[in-house]
Amino acid sequence: MSRVTASFVTSVAGPGGFPKEDLPEITFVGRSNVGKSSLINALARTALARTSAAPGKTRLANYYRLQREGEAPFFLVDLPGFGYARGGQKAAAEFDALVRAYFHRENREGASPVRGAFLLVDSRHPGLESDSYAWAWLEDLGVEHAVAATKVDKLTRAERQRHLRELEAHHQGPVLPVSAATGEGLDELWKLIASLLRRQPLPPNRNKSSRSTSPP
Ligand SMILES: Nc1nc2c(ncn2[C@@H]2O[C@H](COP(=O)(O)OP(=O)(O)OP(=O)(O)O)[C@@H](O)[C@H]2O)c(=O)[nH]1
Ligand SMILES: [Mg+2]
């Protein structure tokens, strides 16, 4: 197992607070409590991100700097979970503003620093409307995106087969089963991340979304 160096960089509250270091970014998006922070900790192999059984823990875009031995460093970004925007309309509007500012930002080369976004979905609940909505939203953004199904350790063998099939049909493509608890799927996730980081950034015009809505 190659060594991983990981550190917390910063919490971003708005469009102005992005890190100065110009590194490519991989982003985790998903409903609150789906296991975004736990998966970051599993990749980092240390408890960097705060996790909680109570949903809505991550309220900002949290930046982590990760580097596997012999590979280039990158930022892994934990966005606030959707579906539990506490504080009513104002919190929802703040979330929308942050997510928009996040994905539409351009770096010095004029392209988005975001090389790939993973939609994390709970493997126990395939086909949720809010996940479809988020998926459509990512498709529209023009960033590379993939689905990871979290908490697969909680499924029976029969459920696992059925749910993964349903998820693949639902998202019309491959779904990576992962577990922060057992470490299942982490190697595959690292490989996917490495392949996204090797790609050239998409030109700015592909990162402009015409969509006027955002995830619920
Ligand atoms: N069994 C199991 N539990 C998990 C796994 N991943 C996360 N959990 C649990 O699920 C709960 C939520 O995990 P978090 O990582 O905090 O979820 P999150 O998506 O970051 O949540 P927000 O920050 O609220 O958006 C915690 O109680 C975790 O211990 C997993 O792979 N297996
Ligand atoms: Mg979290």
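## Helix packing, strand pairing and a buried threonine

Helix 1 (residues 36-44) packs against helix 5 (residues 186-198) at an angle of about 90 degrees, and their axes lie 11 Å apart. Helix 1 is therefore roughly perpendicular to helix 5. Helix 1 contributes Leu39, Ala42 and Leu43 to the contact, while helix 5 contributes Leu186, Leu189, Trp190 and Ile193. By class, the residues of this contact comprise seven nonpolar, no polar and no charged. The model described here is predicted.

Strand 3 (residues 61-68) has six of its eight residues buried, so it is largely enclosed by the rest of the structure.

| Strand pair | Direction | Bridges | A bridge pair |
|---|---|---|---|
| Strand 1 (residues 4-12) and strand 3 | antiparallel | eight | Ser11 and Asn62 |
| Strand 3 and strand 4 (residues 74-78) | antiparallel | five | Leu66 and Phe74 |

Strand 3 and strand 4 also form a hairpin, with five residues between them. In the turn, Gly70 has a positive phi of about 80 degrees.

Another strand holds a residue of note for the reader. Thr27 belongs to strand 2 (residues 25-30). Is Thr27 buried or exposed? Thr27 counts as buried because its relative accessibility is 0%. The side chain of Thr27 makes a polar contact with the side chain of Tyr102, at 2.5 Å. Beyond its neighbours within four places in sequence, Thr27 is in contact with several residues, including Val77, Leu79, Phe103, Val114 and Phe118.

Notes:
Residues are numbered from 1 along each chain as its sequence is written. Chains are lettered from A and ligands numbered from 1 in the order in which they are written. This is a predicted model: local features need pLDDT of at least 70, side-chain atom pairs count only at pLDDT 80 or more; totals for chains, interfaces and linings use all residues. Side-chain values use heavy atoms; hydrogens and water are left out. Helices (H or I, at least four residues) and strands (E, at least two) are DSSP runs, numbered from the N terminus. Buried means under 20% relative accessible area, exposed over 50%, partly exposed in between (1.4 Å probe, protein chains only). A polar contact is a pair of N or O atoms within 3.5 Å; within protein, one must be able to donate a hydrogen and the other to accept it, and residues adjacent in sequence count only if both atoms are side-chain atoms. Contact means heavy atoms within 4.5 Å. Axes are lines fitted to C-alpha atoms, for helices over the stretch in contact, and angles run from 0 to 180 degrees between N-to-C directions. Angles under 35 degrees count as roughly parallel, over 145 as roughly antiparallel, 65 to 115 as roughly perpendicular and the rest as oblique. Ala, Val, Leu, Ile, Met, Phe, Trp, Tyr, Cys and Pro count as nonpolar, Asp, Glu, Lys and Arg as charged, and the others, Gly among them, as polar. Two strands pair if DSSP finds at least two bridges between them.
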